[in-house]
Amino acid sequence: MNSVSVPAWVLGTAAGVVVLLALIVVLLALRARRSARRRVAEAEASEAELRERLEALERRMTRPESTSRRQRREERAAEKEYVITSLGEDADDDGESAEVEQVARRTLTAPAFADAVFRETVVHSAALVHGVRRALSPEVRFKIRYEMHREVKRARKDRKSEMREALREYRARQREAVDEDDVVSTSSTTGRDRQ
């Protein structure tokens with residue numbers, strides 16, 4: 001007979017391991033479910049708190065007697081006007097008053113004035129960036145390098161010619177000093193011979 005017999009204790013252990021694994025899976029599922037419920041409860045509490053805050057903000061915004069800070073700022077800005085030109089204020093006696101009267105006085109509100117100043121600043125900045133970019137272009141850098149090389153060569157040539165000239169003058173002075181010494185020494189020797 002070819003029957004394979006398995007001991008009973010192996011079957012019991014295998015069954016116990018399967019039951020233990022099933023129990024662990026059930027416990028993990030319950031734990032995940034509890035944590036999901038807890039997160040849902042926290043989200044609902046947070047949502048309720050946010051709704052309360054939103055309702056409070058809506059109540060505050062719907063009050064007609066109080067104006068918001070932004071509205072007050074806009075009203076104050078509308079009151080202030082900036083004149084960006086003095087054209088038309090002082091007329092000369094040269095007959096320019098007719099031309100001045102034809103030009104309408106232009107005033108700007110504070111936001112428009114700030115916008116004009118900002119745009120002018122942006123234009124100046126863009127021009128500066130363009131100039132710097134152009135100054136640092138490869139062609140300009142090559143020209144600068146060429147001119148510097150030429151200037152260094154010229155300065156070197158000038159220094160060499162100055163050195164040659166100074167050396168010539170030094171040697172000429174040395175020759176004169178030697179000639180004077182010879183003249184003095186020959187005159188002194190001739191004077192001794194006479195005595």
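Visitor: I'm looking at arginine 154. Which residue does arginine 154 form a salt bridge with?
Guide: Arginine 154 pairs with glutamate 151, and the closest N and O atoms are 2.4 Å apart. Keep in mind that this is a predicted model.

Visitor: How far apart are arginine 154 and glutamate 151 in helix H5?
Guide: They are three residues apart in helix H5, which covers residues 138-194. That separates arginine 154 and glutamate 151 by about one helical turn.

Visitor: What about cover? What is the relative accessible area of arginine 154?
Guide: Arginine 154 has 42%, so it counts as partly exposed. Glutamate 151 is partly exposed as well, at 39% relative accessibility. For both, the reasoning is that partly exposed runs between the buried limit, under 20%, and the exposed limit, over 50%.

Visitor: Next one along. Which residue forms a salt bridge with glutamate 165?
Guide: That is arginine 168. The closest N and O atoms of glutamate 165 and arginine 168 are 2.9 Å apart.

Visitor: And where do glutamate 165 and arginine 168 lie?
Guide: Both sit in helix H5. They are three residues apart, about one turn of the helix. Glutamate 165 has 37% relative accessibility, so it counts as partly exposed.

Visitor: Let's move to helix H1. What does arginine 51 form a salt bridge with?
Guide: Its partner is glutamate 47. The closest N and O atoms of that pair are 2.5 Å apart. Both residues lie in helix H1, residues 8-62. They are four residues apart, about one turn of the helix. Glutamate 47 is partly exposed, with 37% relative accessibility.

Visitor: How many salt bridges does a search of the whole structure find?
Guide: Seven.

Visitor: Time to zoom out. How many helices and strands does the protein chain have?
Guide: There are five helices and two strands. From the N terminus on, the elements run α-α-β-α-β-α-α.

Visitor: What share of the residues of the protein chain count as buried?
Guide: Of its 195 residues, 3% count as buried. The chain exposes about 18600 Å².

Visitor: Show me a loop residue. Where is serine 137 found?
Guide: Serine 137 is in the loop between helix H4, residues 110-135, and H5.

Visitor: Is serine 137 counted as buried or exposed?
Guide: Buried. Its relative accessibility is 14%, and the cut-off for buried is under 20%.

Visitor: What does the side chain of serine 137 reach?
Guide: It reaches the backbone oxygen of arginine 134, at 2.9 Å.

Visitor: New topic, the surface. Which residues form a nonpolar patch?
Guide: Val17, Leu20, Leu21, Leu23, Ile24, Val26, Leu27, Leu28 and Leu30 do. Together they have about 820 Å² of accessible area. One of them, leucine 30, lies in helix H1. Leucine 30 is partly exposed, at 38% relative accessibility.

Visitor: Now charge. Which residues gather in a patch of positive charge?
Guide: Lys153, Arg156, Arg159, Lys160 and Arg164 gather there, on the surface. Lysine 160 has its place in helix H5.

Visitor: Which residues form a negative surface patch?
Guide: That patch is made by Glu176, Asp179, Glu180, Asp181 and Asp182.

Visitor: Where is the place of aspartate 179?
Guide: Aspartate 179 is in helix H5. Its relative accessible area is 47%, so aspartate 179 is partly exposed.

Conventions:
Residues numbered from 1 in each chain as written. Predicted model: local features only at pLDDT ≥ 70, side-chain atom pairs only at ≥ 80, totals over all residues. Heavy atoms only, no water. Salt bridge = Lys/Arg side-chain N within 4 Å of Asp/Glu carboxyl O. Buried < 20%, exposed > 50% of the residue type's maximum accessible area, 1.4 Å probe, protein only. Areas by Shrake-Rupley, 256 points an atom, 1.4 Å probe, with all protein chains shown as cover. Polar contact = N/O pair within 3.5 Å; in protein donor to acceptor, adjacent residues only side chain to side chain. Patch = residues over 30% accessible without salt bridge, like charges linked within 9 Å, V, L, I, M, F, W, Y side chains within 5 Å. Lys, Arg positive; Asp, Glu negative; His and termini not counted. Charge placed at Lys NZ, Arg CZ, Asp CG, Glu CD.
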